Amino acid sequence: MSKNQNKTGSYSFFNCIEKNFDKAARFISIEKGLLEQIKACNSVYRMHFPVKIGKEIKVIEAYRVQHSHHKLPCKGGIRYSMKVNQDEVMTLAALMTYKCAIVDVPFGGAKGGIKIDPQTISSENIEKITRRYTSELIKKNFIGPGIDVPAPDYGTGEREMSWIFDTFLSLRSGDVDALACVTGKPVSQGGVRGRKEATGLGVFYGIRELCHVKEDMYSVGLDVGLVGKKIIIQGLGNVGYHAASFFHESGAIIIALAEREGAIYNEKGLNVSKVFLHLKNNGSILNFPEATNIENTEKALELKCDILIPAALENVIHKNNANRIKAKIIGEAANGPITPEADEILDKKGVIIVPDIYLNAGGVTVSYFEWLKNLSHVRYGRMEKKFRENVNAEFLKVIETVCKKKISIEEKKMILRGPREIDLVRSGLEDTMINGFHKIRDLKKSLKIENMRTAAFVLSINKIIDSYEKLGIFP
Ligand code: NAD
């Protein structure tokens with residue numbers, strides 16, 4: 001048993017990341033102490049605060065962890081769940097550090113969590129808790145546009161981010177950059193178009209890129225391209241729903257969707273928007289008319305498919321079910337869905353695992369765009385949209401004159417269009433995900449690294465070392 005394993009032989013979540021880090025460290029020649037510094041969590045803030053819920057006073061447990069200060073501000077989501085604990089928040093903060101480095105987002109990693117079940121608490125009380133949590137962060141200087149910038153995660157969304165912003169603004173009035181204290185806000189409150197679906201879209205871009213690489217596809221016995229690939233998605237929340245929608249639109253076949261109450265299956269494919277509507281109307285995905293129910297939701301992960309996308313929680317693929325997983329590709333949309341023991345089993349089976357520290361980085365990438373927008377106080381596209389349209393119109397006139405042919409109104413509309421905010425955000429995200437994929441893949445090949453996860457860690461650690469060196473901290 002290794003020193004990282006507990007008495008039952010399992011790893012703590014933070015140890016799982018350390019284990020991945022250590023595997024990558026074999027490919028990096030730098031003093032051990034410096035690697036230890038990169039691994040360590042820089043600040044852990046554990047708090048308890050009282051909130052009056054109904055007639056009772058409840059003591060709420062919450063966290064904010066800043067894993068790395070090598071770049072500021074720190075950045076990472078806030079999670080609302082009864083499973084929140086210090087080990088989990090520290091791990092998720094560390095993942096943020098490595099993730100940001102991979103996609104060239106100049107932030108240190110952070111994460112927050114409040115130990116509540118938002119499904120059993122009224123929105124008035126969630127608001128009270130969120131606002132109190134924010135004021136605790138302000139008191140300890142754990143939030144601010146240049147300090148630490150939260151975002152949504154499991155159990156939180158635009159609504160919570162607006163409450164955080166509003167609380168920050170009321171206590172820091174006059175801060176002209178206050179909007180940049182949190183990302184994932186609604187567009188009407190300084191959010192950026194395209195943030196809501198960014199993580200799911202990033203997952204789609206990353207998997208699509210892999211599916212275009214002939215060598216990788218042939219290595220697992222699959223054809224090139226996404227069209228017709230059979231996909232299973234676990235979790236139909238923010239990340240899972242958007243990823244499922246983009247895969248469905250691109251011609252992939254979503255054969256199963258798994259939620260907490262059970263899963264649904266249709267070999268011929270599920271219509272994702274119809275399933276989502278069914279979920280909204282019935283409060284459950286079960287009994288969807290065009291599918292078969294699977295009562296034990298975990299069993300859905302073990303169905304035959306080409307691509308499995310866990311997009312709900314961590315540790316869902318473990319040593320007890322890894323051998324039964326039949327997917328050829330696993331795309332880690334969730335953070336830490338595969339335990340180290342399962343990782344080894346799947347590696348031996350030849351499964352391609354696209355790691356979380358790359359694949360779900362779409363959210364933080366677009367959060368970075370939102371932060372930049374807030375600091376620049378101008379919407380993307382505002383300065384160049386009309387200019388682009390005018391230049392395109394001039395081009396078109398010349399083309400029509402030279403070719404002596406009139407272009408149709410439909411074609412004109414397409415060619416004349418200047419970039420809107422959503423176009424710029426999506427193209428920035430697409431470029432980031434494509435580049436990130438190839439950087440990891442190239443490094444994997446050149447250093448003969450055994451899998452994508454280790455290669456992603458090597459890429460990330462090298463970039464962090466680089467920025468420490470630039471700061472003059474490392475010799
Ligand atoms: P979410 O709360 O919107 O959705 C999670 C979904 O998973 C919910 O629909 C929930 O009902 C479902 N779920 C819970 N337990 C389940 C179970 N046992 N089986 C099947 N489904 C279950 O959360 P999210 O924002 O979509 O985050 C999902 C994962 O993606 C988390 O690991 C999160 O850390 C990670 N992530 C999220 C973002 C983001 O931008 N939201 C960014 C990076 C990573």
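This is a predicted model: local features need pLDDT of at least 70, side-chain atom pairs count only at pLDDT 80 or more; totals for chains, interfaces and linings use all residues.
**Ground rules.** I number residues from 1 along each chain as its sequence is written, and I leave out hydrogens and water, so that side-chain values use heavy atoms.

**Cavity.** I searched the whole structure and found 1 cavity of 30 Å³ or more, a cavity being a set of points on a 1 Å grid over the protein atoms alone where a 1.4 Å probe fits but cannot get out, with lining residues having an atom within 4 Å of a point. I noted a volume of about 90 Å³ for the largest cavity, taken as the space filled by probe spheres set on the points, which are joined across faces, edges and corners. Of its 13 lining residues, C16, N20, G336, I338 and R453 are the closest to the centre.

**Salt bridges.** I then counted 39 salt bridges in the whole structure, each a side-chain nitrogen of Lys or Arg within 4 Å of a carboxyl oxygen of Asp or Glu. I looked up D343 and R453, whose side chains meet in a salt bridge at 2.8 Å, N to O. D343 is buried at 5% relative accessible area, and R453 is also buried at 5%, where buried means under 20% (1.4 Å probe, protein chains only). I also looked up D148 and R64, whose side chains meet at 2.6 Å, N to O.

Conventions. On a 1 Å grid over the protein atoms alone, a cavity is a set of points where a 1.4 Å probe fits but cannot get out, and a pocket is an open set with protein on both sides within 12 Å along at least five of seven lines; lining residues have an atom within 4 Å of a point. Buried means under 20% relative accessible area, exposed over 50%, partly exposed in between (1.4 Å probe, protein chains only).
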